[in-house]
Each structure stands twice: as structure tokens, then as C-alpha cells.
Amino acid sequence: MSIFSRLADIINSNLSAILDRAEDPEKMIRLMIQEMEDTLVEARSVAARVIADRKDGQRRLSRLAEGQAEWQRKAELALSKSREDLAKAALIEKARLAETARFLEEELQQLDDALAKQEEDIAKLEAKLKEAKAKQKTILARHETATSRLKVRQQVHVRRMDDALMRFEQMERRLDNLEGEIEAYDLGRGKSLAEEIADLEAEQAVERELAELKARLQAGRGAERT
């Protein structure tokens, strides 16, 4: 692809739309910036060659003007010496140089037009590069923020899990202690009807508290996922 095609593609591109479609926006914007910088270097190199050609053309045009003035002087000298034939020949040489100068002036005008267009394209490319670098900063900042938020959420989730497990362990110890007390109390003797019913009520209360704890834990997990 030529430098002019790449310039047109870059200048006319929609950076936001390209990044929205990219799987890895951070990598994509880095590659785009590199492409823009490389294209900018090449565009400036092309412009430098045009400027050099323009300077050379101006020097040639100046020499042609000097040549025309010299043939004009020679024609006048020939006429002053009554040599009309030489004066005519001198004017023919002057006209030849004038025709060459006219073509050269057209070439210089084309170089001027090309240089003006290149200057415009370079300015647009620099603006596009500035836009891309600004978007790169935004993308990097968003990535850093998202990474930090994820780390915090993970740490909070771990702490919540640790707290929940600790509460489960405490509940299990309470159940173990309660069951131990019941079993120790019943050693060597049978239970009365009232004692058995009391045991059932106590066990029911503990199970109810355990169920409530499980429900709160599940609700907390659901909130984290949303």
C-alpha cells in the first residue's frame, strides 16, 4: 500500500468504531499509534523530497530567466550592428528558453499544489495521532481501574467466605457442645417425656438458626454475582 493510500485510510478512519470492534483494544490502539508514527515519518520524508525538487526547479527557472535576458541583450547588440539575421536567431533562442521556463513553471505549480496537500494531510495525521494517544491513555486508565476493582472484589469475596466458614464452624461447635451435654446428661439414665421434647425444641432452634445463616450466605453470593 502506498504512503498516500495509508494516509487516506488513517485520516478517514473512525478510531472509536475500530476499537469498539477490537477483541483487544489496548493492543489495537498500540498498533494503530505505531502505524501512524511510521506513516508520519514517511510522509515527512516525501514532503522533504518535494521541497528539494521545488528548490531545484526554482534555481533552473532563475537560470532560464537569466538566459532570456542574455539573448535579449545579444539581439539588441546584433540590431545595433545592423545584423538582423543574428538578432532574429538570438530572439529564437530567447523564445526557446521562454517555452522551457513556461513548462517548468507548470511543474513548479504542481509541486506547490502537492506540497500544500501533503502539509494538510500531515496536519490531519498529527491530529489523528494525538486523538489515538488520548484514547490510549483512557484505555490504559480504564484497564488499571478495572483490574484494581476486580482485585478488591476478590479480596472482599475471600473475606466474606472466611467469615461465613468461621460462622459455620462456630455453629458446628455449638451443636457439638449441645449434643455432648445431652449425651452426658443421659448417661446412666433414660429421658423423661418432657426432656425428650425439650431436646427436640433445642435441636429445632439450632437447625432453624443454621438454615437462616445459610440463606444469608446464599443471598450474599447472589448479590456479588450481580
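**View 1. Lys133 and Glu37 meet through their side chains in a salt bridge, 3.5 Å from N to O.** A salt bridge here is a side-chain nitrogen of Lys or Arg within 4 Å of a carboxyl oxygen of Asp or Glu. Helices (H or I, at least four residues) and strands (E, at least two) are DSSP runs, numbered from the N terminus. Lys133 is partly exposed at 37% relative accessibility. Glu37 is partly exposed too, at 29%. Buried means under 20% relative accessible area, exposed over 50%, and partly exposed in between (1.4 Å probe, protein chains only). The whole structure holds 11 salt bridges. Side chains of opposite charge can pair when their charged atoms come close.

The model is predicted: local features need pLDDT of at least 70, side-chain atom pairs count only at pLDDT 80 or more, and totals for chains, interfaces and linings use all residues. Residues are numbered from 1 along each chain as its sequence is written, and side-chain values use heavy atoms, with hydrogens and water left out.

**View 2. The whole chain is built from five helices and zero strands.** From the N terminus on, the order of elements is α-α-α-α-α. The chain has 226 residues, and 22% of them count as buried. Among contacts with a separation of 6 or more, 79% join residues 24 or more positions apart. Contact means heavy atoms within 4.5 Å. The chain exposes about 16400 Å², and carbon and sulfur atoms supply 54% of that area. Accessible areas come from the Shrake-Rupley method with a 1.4 Å probe; for residues, only the protein chains shown count as cover.

**View 3. The largest nonpolar core has 14 residues.** A nonpolar core is a set of buried Ala, Val, Leu, Ile, Met, Phe, Trp, Tyr and Cys residues joined through side-chain atoms within 4.5 Å. Which residues touch the most other members? They are Ile29, Ile33, Met36, Leu40, Ile122, Leu129 and Ala132. Helix H3 (25-80) and helix H4 (84-186) are the elements that give two or more residues to this core. H3 supplies the largest share, eight residues. In soluble globular proteins, nonpolar side chains tend to be buried together.

**View 4. Ala123 and Ala116 are both partly exposed residues.** Ala123 is found in helix H4. Its relative accessibility is 42%. The C-alpha atoms of Ala123 and Leu40 are separated by 9.7 Å, while the two residues are 83 residues apart along the chain. Ala116 is also found in helix H4. The relative accessible area of Ala116 is 43%. The C-alpha atoms of Ala116 and Ala47 are 9.5 Å apart, with 69 residues separating the pair along the chain.

**View 5. Arg73 and Glu70 form a salt bridge, 2.6 Å from N to O.** Both residues lie in helix H3, three residues apart, about one turn of the helix. Arg73 counts as partly exposed at 43% relative accessibility. Glu70 is partly exposed at 32%. A charge sits over a ring if NZ of Lys or CZ of Arg is within 6 Å of the ring centre and within 35 degrees of the ring normal.

**View 6. Glu106 and Arg102 meet in a salt bridge, 3.1 Å from N to O.** The two are four residues apart in helix H4, so about one helical turn separates them. Glu106 is partly exposed at 39% relative accessible area. Arg102 is partly exposed at 36%. Salt bridges that share partners join Glu99, Arg102 and Glu106 into one network. Arg102 also lies over the face of Phe103, at 4.6 Å from the ring centre.

**View 7. Ser82 has a positive phi of about 60 degrees although it is not a glycine.** Most residues other than glycine have a negative phi, and most peptide bonds are trans. Where is Ser82 found? It sits in the loop between H3 and H4. Ser82 counts as exposed, at 66% relative accessibility.
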